[in-house]
Amino acid sequence: MGLSAFKRALWVFHVATGSCNGCDIEIVAALTPRYDVERFGIRLVGTPRHADVLLVTGPVTRMMAERLRRIYEQTPDPKAVVVVGGCGSTSGVFYESYNVVGPVDRIIPVDVYVPGCPPRPEAIIDGVVKAVAKLEKLGAKV
Amino acid sequence: MSGWVALGQAAVALVAGGVVGLFFRGLDRKIAARMQARIGPPLRQPFLDLGKLLVKETVIPKTAVAWVFSAMPFVAVIASFTALLYLPLGPFGPILEGHGDAILVLYLLAVPALAMALGGFASGSPLGVVGAQRELVMLVSYEFPLAVVLVAVAWRLTTLGLAPAFSLGVMAQHPLWTMVGPLGIIGLTILLVSLLVVTPAELAKIPFDIPEAETEIAGGLFVEYSGTYLALFYLADAVRTVVMAGLVVALFFPYGIAQPLGLGGAAAAAVDLLFWLAKVLVVMVVAVTTVRVGMARLKVDQIARGFWWRITALALSGLLLLALDKVVTG
């Protein structure tokens, strides 16, 4: 079985690195009956060890940087990182703030950016699906 | 029966048990989704999940006790599948009939829970340890009512002169409902209810999912498990669901429909096997799916107290009614 296995069974772990809870709520909205990502096999899991994709929100505060790096390392390969929201993509309004060391791609490698403040659930689902394409490309290389 | 025939039957039962277990897990998720007005994952989702987990990297944390951590998923899978061989499968008796009885099935059902707890303790993560402790608290809480139910049925069968009463095969061939008086029927109903309450606890499903509790202890005893090991636990869980529902069916609903329909031979076996699968599915939907959709997670002390006082009292009163029934009917 190749990495196409990820196409229909993607487990997602949500990392909040100091976000305002706006993006986080939109991630939860994607699980609700209206969007129901479980029908694509996407599941929110409770630990990075079970995850295939990290959904990172927030501008990465000084305290969270080390934790974010550790969570990335704890996630078993193959994995992809999706940044959700403007803060995670560019640090947003917190850019060069004294307590912010982000954006996320200064700390860990990022595969997909989903901009928006907050992005709509459709955009988040689209981002996660793009992450699958990255995982499959990894599979083609192996 | 020669050893080779038994071996062949066992191989078929194990493979079919795994497939049915995963398929029923898919049905469980689909039905749960429909209850929440969602579309839900496709029925083959558990197979896809399993396939994906086998592709993933399997991490053994540096702080874990490596050999315990790696051995426990295998123990859980082996025990779950072995329990399947001691279960009456519809028209067929237990494949290993005569080599172990209902007490053994109780232990085989407890072994995966213990394996998960040991794996959690060995994982080197505080969340895993908390999950493992909760699993053990729950194990000592629900084992007693579970044993009471089994002992009550076996004891009543003994008083009716049926032996060996602790064999699940004998229990399945002699449903007690028609052999006891009205008091006994009330007692049996009470025992059935307590067994149905124990079922989701045995399988650690909502409202009894405190050992995993993803939203509070991040997956609990599975917190450090990944890849192949997680897949093994996933498989063990799916098979254990079938075993537990099969146990309820064997104790309380062992009826077939081939005889009333006037079928014979291979057709009878096929119809009864399908009917058995349907009964297992109904028990799973009633005891696991509807309950997990309709309820929230209970607290640790609520579960411990609930099982030790309420459900144990319920099961014992069922046992008492069966005993009274014996006195009344003689």
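This is a predicted model: local features need pLDDT of at least 70, side-chain atom pairs count only at pLDDT 80 or more; totals for chains, interfaces and linings use all residues.
**Chain A as a whole**

Let's start with the layout. Chain A has four helices and five strands, and reading from the N terminus the order is β-α-β-β-α-β-α-β-α. Its radius of gyration comes out at 14 Å, close to the 14 Å that the globule rule gives for 142 residues, so chain A is as compact as a globular protein of that length. If you box up the C-alpha atoms along the principal axes, you get roughly 45 × 35 × 25 Å. As for burial, 50% of the 142 residues of chain A count as buried. Take the contacts in chain A with a separation of 6 or more: 83% of them join residues 24 or more positions apart.

**A proline to look at**

Zoom in on A:Pro118, which sits in the loop between strand 5 (112-114) and helix 4 (121-141) of chain A. Is A:Pro118 buried or exposed? With 24 other C-beta atoms within 10 Å, A:Pro118 is buried, because the cut-off for buried is 20 or more. Setting aside neighbours within four places in sequence, the residues in contact with A:Pro118 are A:Gly22, A:Cys23, A:Glu26 and A:Gly85. A:Tyr95 is 23 residues away from A:Pro118 along the chain, and the C-alpha atoms of the two are separated by 17 Å.

**Where the chains meet**

**Helix 7 of chain B and its partners**

Now over to chain B, where helix 7 (residues 182-202) packs with helix 12 (residues 300-329) and also with helix 11 (residues 265-294). Here are the two pairings side by side.

| Pair in chain B | Angle | Axis separation | Crossing |
|---|---|---|---|
| Helix 7 and helix 12 | about 155 degrees | 8 Å | left-handed |
| Helix 7 and helix 11 | about 65 degrees | 9 Å | right-handed |

Take helix 12 to begin with. The angle of about 155 degrees between helix 7 and helix 12 of chain B makes the two roughly antiparallel, because angles over 145 degrees count that way. From helix 7 of chain B, the residues that meet helix 12 include B:Leu183, B:Ile186, B:Ile190 and B:Val197. Among their partners in helix 12 of chain B are B:Ile311, B:Leu314, B:Leu321 and B:Asp325. The residues of this contact divide into 14 nonpolar, five polar and one charged.

What does helix 7 of chain B bring to helix 11? B:Leu196, B:Thr199 and B:Pro200 of helix 7 meet B:Val286, B:Ala287, B:Val288, B:Val291 and B:Arg292 of helix 11.

**Helix 2 of chain B**

One last stop: helix 2 (residues 45-55) of chain B is mostly covered, with eight of its 11 residues buried. Which residues of helix 2 are buried? They are B:Gln45, B:Pro46, B:Leu48, B:Asp49, B:Leu50, B:Lys52, B:Leu53 and B:Val55. The cover over these buried residues includes helix 1 (3-35) and helix 9 (227-252) of chain B.

Note on methods: Residues are numbered from 1 along each chain as its sequence is written. Chains are lettered from A and ligands numbered from 1 in the order in which they are written. Axes are lines fitted to C-alpha atoms, for helices over the stretch in contact, and angles run from 0 to 180 degrees between N-to-C directions. Angles under 35 degrees count as roughly parallel, over 145 as roughly antiparallel, 65 to 115 as roughly perpendicular and the rest as oblique. A crossing is left-handed if the near helix is turned anticlockwise from the far one by less than a right angle, and right-handed if clockwise. Two residues are in contact if their C-beta atoms, placed from the backbone, lie within 7 Å. Ala, Val, Leu, Ile, Met, Phe, Trp, Tyr, Cys and Pro count as nonpolar, Asp, Glu, Lys and Arg as charged, and the others, Gly among them, as polar. The radius of gyration is taken over C-alpha atoms; the globule rule is 2.2 Å times the number of residues to the power 0.38. A residue is buried if 20 or more other C-beta atoms lie within 10 Å of its own, exposed if 12 or fewer, and partly exposed in between; C-beta atoms are placed from the backbone.
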